[in-house]
Amino acid sequence: MRPAFIIVTHDSNEYRVNGHEFVTHCIENIKANLTEYEYDIIVIDNASTKMYEYSSDIIYVHRSKQPGGVTRAWNFGIGIAIANKNDYFVCMNDDITFDSNINKFFNAIDKHELKDDAIYAPACSTGTTFHYQRIPVTPGLMKEVTDTLDGPHDFLLSFSYKFYTKYKYNETLMFNDINPFGGNGIVIHNQIKRLGGRSFIVGDCEQFHDHGGAWRKLPPEIRDGLPLGDLMKGSN
């Protein structure tokens with residue numbers, strides 16, 4: 001397993017002045033804790049007005065436009081990860097960090113009999129999640145949430161390349177970006193459940209979501225994205 005962390009970020013004086021601080025902390029956290037796997041970090045910078053000062057050991061793409069929001073940026077990043085020969089994808093917000101058990105998260109998935117037919121997220125005990133998602137670190141726990149309202153947390157979703165080939169939205173996109181900035185968890189959860197996929201929360205590792213990293217002042221044309229017909233045309 002060679003994971004690709006696909007992290008979407010944005011930084012601008014108008015909407016989110018601390019975006020690059022979040023992604024820097026996120027990257028440093030991954031590097032400090034993930035020691036048992038080779039991995040890649042792909043940062044999709046969604047139309048920030050200033051460039052991120054990235055290092056040469058990550059893949060960084062600055063997009064001058066961001067229609068389709070987070071979900072289309074994730075689609076774009078998955079395409080890069082596939083070309084990069086990664087066989088596992090972790091699509092996440094930039095305001096996520098992990099505890100030191102992140103290696104156990106991938107260990108648990110690698111051993112799971114449904115790893116190519118399921119989507120996974122680490123445990124999360126913060127109050128920004130639904131009650132059935134508030135799970136602290138619980139060694140050995142693999143909690144199925146397929147039949148819950150919206151499955152795992154929609155700020156981090158992980159799955160294998162084989163899963164992608166079976167359950168993607170259409171020929172080229174994993175995510176239907178009809179909800180570009182919110183609600184994408186419910187959309188992908190219902191999509192994969194309809195196709196026979198499963199969803200699990202892995203109790204061996206906890207993620208921490210700084211909900212304050214979310215955009216707060218999005219104008220309607222960004223918040224609501226483009227009309228559905230335009231959204232389905234793919235990443236720009």
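Trainee: How many cavities of 30 Å³ or more does a search of the whole structure find?
Mentor: The model is predicted. Searching the whole structure with a cut-off of 30 Å³ or more, the count of cavities is one.

Trainee: What volume does the largest cavity have?
Mentor: The search of the whole structure returns one cavity of 30 Å³ or more. The volume of the largest cavity is about 40 Å³.

Trainee: Which helix gives the most to the lining of the largest cavity?
Mentor: The lining includes Gly185, Ile188, His189 and Ile192. By class, the lining has five nonpolar, three polar and one charged residues. The helix that gives the most, with four residues, spans residues 184-194 and is α5.

Trainee: Why is strand β2 largely enclosed by the rest of the structure?
Mentor: Buried here means under 20% relative accessible area. On one side of β2, Asp40, Ile42, Ile44 and Asn46 are buried, and on the other Ile41, Val43 and Asp45 are buried. Strand β2 is largely enclosed because the buried residues number seven of the seven.

Trainee: Which residue in β2 is the bridge partner of Phe5?
Mentor: Strand β1, residues 3-9, runs parallel to β2, and six bridges join them. β1, helix α1 and β2 also make a right-handed β-α-β unit. Within β2, the partner of Phe5 is Ile41.

Trainee: Which residue in β3 is the bridge partner of Asn46?
Mentor: Strand β3, residues 59-63, is joined to β2 by five bridges, and the two run parallel. Asn46 is one of the buried residues of β2. Its bridge partner in β3 is Arg63.

Note on methods
Residues numbered from 1 in each chain as written. Predicted model: local features only at pLDDT ≥ 70, side-chain atom pairs only at ≥ 80, totals over all residues. Heavy atoms only, no water. Buried < 20%, exposed > 50% of the residue type's maximum accessible area, 1.4 Å probe, protein only. Pairing = 2+ DSSP bridges. Right-handed = clockwise from strand over helix to strand, strands pointing away. 1 Å grid on protein atoms, 1.4 Å probe; cavity = no way out; pocket = protein on both sides within 12 Å on 5 of 7 lines; lining within 4 Å. Points joined across faces, edges and corners; volume = space filled by probe spheres on them. Nonpolar A, V, L, I, M, F, W, Y, C, P; charged D, E, K, R; others polar.
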